[in-house]
Amino acid sequence: MSKIVSKTEDTLRNIIENAIKSAIACGDLIEADIPDFIIEKPANKANGDFSSNAAMAGARAFKKAPRMIAEAIVSKIDLADTLFEKVEIAGPGFLNFYLSQRYYAEILKDVFACGDDYGKSDFGQGKRVLVEFVSANPTGPMHIGNARGGAIGDCLASVLDWAGYEVNREFYVNDAGNQIEKFATSLEIRYLQHFDKSIEMPEDAYHGADIVNHAESYIAEFGDRLVNVPSEERRKALVDYALPKNIAGLERDLGRYRITYDKWFRESTLHNDGSVNEVINALKEKGVTYEQDGALWFKASEFGNDKDIVLIRANGLPTYIVPDIAYHYNKLVTRGYDKAIDVLGADHHGYVPRMKAALTALGLDADRLDIVIMQMVRLVRDGETIKLSKRSGKAITLNTLIDEVPLDAARFFFNLREPNSHFDFDLELAAKQSSENPVYYVQYAHARICSIIRKALEQGVELRTPTDDELLLLNSEEEKDLIRHLSALTDEIISAAKAYDPAKITHYVIELATLFHKFYNAQRVMVDDESLMQARLYLCTAVKDTIKNILTMLKITTPEVM
């Protein structure tokens, strides 16, 4: 948190507590423990910069009407040598505190003192967090849902990092199980169709052009060598050829999207190192499994689920949930993360209680796993929804999206709404270079400030740090609104980290740009009064640097000319 904001809130709590103690000492209030009370920032500036319910909270303890308690507290409040200039009683007994002009000067000085770290805090206390996101099946290209998941997951990881957590990013590669079997079938059929057009493609196979391309590439390189070999050998050869290309493509495309993972974790390792069997045995030992109809079941209903879950099918093969349980056990136990966060699509609502039930059964605290559910995206052009079909292979991919719209817009737009809300992605708006486009609007504020500073230097102005008295000249409502918003950044990042909602940060920076444009339109920067000019240039620079900090955190560029 901003040192000044944190110190100011702590100081205010001490002011109130000391006033209550003084009121008790002189007999204005009866002897009683100081009640718990809250300090908050009122939504309406008319109600002060900070407000407290201390008087209402103490009504029972002090056996008086809150208004009378408030009067007793205020009579003992001493604001000397603080950043507050006055306190008022409102309504039934709210204590409303108003900051002095010196507070605003101290905030600006704090922005410059923190530099690139302004907005960071130690809220997370270095706890280790693993954010797993996208984790698209490596059987085909990434679609528009993956694009949203990538932007949300990557920005959430950045927000958590800025909030003081030790964060790692991870992609879970589903390179085993049903999806790979379907991938093998699809490749095999496309390969054989090259030599025999009468072979039909199953309806539930992958029909995308990427499957055809893999088969044809293999044929171009190795010819018909797989035509007469056993199906199992053919399928393995084709998967071994195509899957690494797909995984490399995922890594390349996500890198283009400015996403770099700390680890690409392969599901196959959980099968190969015995983790899957260990989880099954552990659940058996806990007495939470039973056999029925030749299958092994988990007693999920004993852990709050509506029904039990099959772990091992009658054919001896594990269901998809088993390696997933092993994977989360690996995150929380083997690798010892304090918290695992998964960003998943809306179709995973039922998955969450099942996974938490399994972790609870294994003796873990299921609250160490948090799932961010992300709703789907509708692409809109000319007011019309673009129809997508994954099966036919005509879905808009991540790559085609960022071919069409600027990368900055893609990352920013996907974080304009909280993850669990539906989102219409307007392709035309994302490509617009106008104030209607929110990311352009924010970047323009940054570029505009760069232009102001550039012109000042061209006019021979020597930029310097204003004196404390000069900073007190920033007393217009527009200036105070701007500085007040700057002071809220760290709190906003912490709030976004708590809620797992990076959209709070895009909203914050849009509002910062709005307040800057409002200030710029109301107050001239290059005025004749040299002291006021220096103070306003200092304010402009603080806004510019804060915008840059935020956009850098979101991996969005900050152009100096637009």
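**Contacts, helix packing and salt bridges**

Student: Which residues does T139 touch, not counting residues up to four places away in sequence?

Tutor: This is a predicted model, in which local features need pLDDT of at least 70 and side-chain atom pairs count only at pLDDT 80 or more, while totals for chains, interfaces and linings use all residues. Residues are numbered from 1 along each chain as its sequence is written, and side-chain values use heavy atoms, with hydrogens and water left out. With contact taken as heavy atoms within 4.5 Å, and residues up to four places away in sequence set aside, T139 touches Q179, I180, F183, Y206, D210, I211 and N246.

Student: Is T139 buried or exposed?

Tutor: T139 lies in the loop between β5 (128-132) and α6 (144-162), where helices (H or I, at least four residues) and strands (E, at least two) are DSSP runs numbered from the N terminus. Buried means under 20% relative accessible area, exposed over 50% and partly exposed in between (1.4 Å probe, protein chains only). The relative accessibility of T139 is 6%, so T139 counts as buried.

Student: Which residues make the contact between α6 and α20?

Tutor: The axes of α6 and helix α20 (residues 489-499) come within 9 Å and cross at roughly 125°. α6 and α20 are therefore oblique to each other, a class left over once angles under 35 degrees (roughly parallel), over 145 (roughly antiparallel) and 65 to 115 (roughly perpendicular) are assigned. The residues in contact divide into 6 nonpolar, no polar and no charged. From α6 come V159, L160 and W162, and from α20 come I493, A496 and A497.

Student: How many residues apart in sequence are the parts tied together by D468 and K109?

Tutor: The side chains of D468 and K109 meet in a salt bridge at 3.0 Å, N to O, a salt bridge being a side-chain nitrogen of Lys or Arg within 4 Å of a carboxyl oxygen of Asp or Glu. D468 is partly exposed at 43% relative accessibility, and K109 is partly exposed at 28%. D468 lies in helix α18 (residues 468-471) and K109 in helix α5 (residues 101-114), so the parts tied together are separated in sequence by 359 residues.

Student: Which residues do salt bridges that share partners join into one network with E477 and K480?

Tutor: E477 forms a salt bridge with K480, their closest N and O atoms being 3.6 Å apart. Being 3 residues apart in helix α19 (residues 477-487), E477 and K480 are separated by about one helical turn. E477 counts as partly exposed at 43% relative accessibility, whereas K480 counts as buried at 18%. Joined with E477 and K480 in the network are K45, D49, D481 and R484.

Methods:
Axes fitted to C-alpha atoms, helices over the stretch in contact; angles between N-to-C directions. Nonpolar A, V, L, I, M, F, W, Y, C, P; charged D, E, K, R; others polar.
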